[in-house]
Amino acid sequence: MNVLEYVIDFPKSYGEDRLAIGNDLVCAIDGSSPIKQIAVLPFHSQAEWLASAVAGAVSLCSNGTIPEYARMAVDSVNFRYAEMLENFPDEMKPCAVLAGVQVIGDKLHAYAIGDCSAVIEKIDGTIEVVTDNRIRRFSDVTKAMRNKAIACGEDPLKAVQEQMTKNRHVMNTPDGFWTVALKGSFEDEFVERIYDVDDVKRCLVFSDGFERVFLHELVSIEDILNRNVSLSSALKILRKWERTATNLDVKQHDDACAILIEL
């Protein structure tokens, strides 16, 4: 596994995206924006705290899988900081989403939970996207409630916080969506696809902040995989577009990370 390029960028002074590069694996991790930010020193938010813990654990992964090491990170946080976490309301406790690829033997395992994604380019030229669509409708409702508040002259931040609170109450439940979180058992809920290593050429893993490049057709996935456009150039194109966009996303600018590897 050869890392060709990676980028990570925060529009503010800190960020909640992380990249993990370990033994035969790479992973993009996105700490889910908290309803209300709680600083957990030295981190600026509980989301940044958990994303960093998961990235650190996954980077050390040697005799296990990405989901297993994500579980280990959460268990460690729960154990070490149990007393402090008792003061967090359930909806304020940290959670994160991630996607990654990992070589185990002669197989490549692609994992996703939440709205990070992994793109698999095969030797024969076919491209597959591995992502977890269960979270999409909840994100769409949050965006719709924000836009409705703006249209009605109401406070969009309040509308977003109220909808996010509702969303968190169904997080990690069968009728909801799934994340790496202190709540519930999530490791069996990863979307997983398995490929023969010999059939795979390149993999691209990214957070939803970087995904905007593709959703808004600023750059194609093929251009990134073929290296016609670098990740850093794609990120510059995205940030320039965001400055003038009126698409009414919940965030005008989001943290973004991506990593491109070759097998």
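In helix H6 (residues 208-215), Asp 208, Gly 209, Phe 210, Glu 211, Arg 212, Val 213 and Phe 214 are buried, where buried means under 20% relative accessible area, exposed over 50% and partly exposed in between (1.4 Å probe, protein chains only). With seven of its eight residues buried, H6 is therefore largely enclosed by the rest of the structure. Just after H6, Glu 217 takes a positive phi of about 55°. Helices (H or I, at least four residues) and strands (E, at least two) are DSSP runs, numbered from the N terminus.

This is a predicted model, in which local features need pLDDT of at least 70 and side-chain atom pairs count only at pLDDT 80 or more, while totals for chains, interfaces and linings use all residues. Residues are numbered from 1 along each chain as its sequence is written, and side-chain values use heavy atoms, with hydrogens and water left out.

Strand E6 (residues 117-122) is mostly covered, five of its six residues being buried. Two strands pair if DSSP finds at least two bridges between them, and the pairings of E6 are set out below.

| Partner of E6 | Sense | Bridges | Residues facing each other |
|---|---|---|---|
| E7 (residues 127-131) | antiparallel | five bridges | Glu 121 and Ile 127 |
| E10 (residues 200-206) | antiparallel | six bridges | Ala 118 and Val 205 |

E6 and E7 form a hairpin with four residues between them, and Gly 125 in the turn has a positive phi of about 95°. Val 129 belongs to E7 and is partly exposed, with a relative accessible area of 48%. Not counting residues up to four places away in sequence, Val 129 touches Ser 117, Ala 118, Val 119 and Ile 221; contact means heavy atoms within 4.5 Å. Between Val 129 and Ser 139, ten residues apart in sequence, the C-alpha to C-alpha distance is 19 Å.

A nonpolar core is a set of buried Ala, Val, Leu, Ile, Met, Phe, Trp, Tyr and Cys residues joined through side-chain atoms within 4.5 Å. The largest such core has 30 residues, of which Ile 29, Val 54, Val 58, Leu 98, Val 180 and Phe 186 touch the most other members. Strand E3 (25-31), H1, H2, strand E4 (95-104) and strand E5 (107-113) each give two or more residues to this core, and H1 gives the most, with seven residues. A second, separate core of 29 residues includes Ala 112, Val 200, Cys 203 and Ile 261.

Val 74 lies in helix H2 and is buried, with a relative accessible area of 0%. Beyond its neighbours within four places in sequence, Val 74 is in contact with Leu 50, Val 180, Ala 181, Leu 182 and Phe 186. The C-alpha atoms of Val 74 and Leu 182 are separated by 6.0 Å, although these residues are 108 residues apart along the chain.

The second largest pocket has a volume of about 200 Å³. On a 1 Å grid over the protein atoms alone, a pocket is an open set of points where a 1.4 Å probe fits, with protein on both sides within 12 Å along at least five of seven lines; lining residues have an atom within 4 Å of a point. Grid points are joined across faces, edges and corners, and a volume is the space filled by probe spheres set on the points. Helix H1 (46-59) and helix H2 (66-80) each supply at least two residues of this lining. Among the lining residues are Phe 43, Trp 49, Met 72, Arg 80 and Tyr 81.
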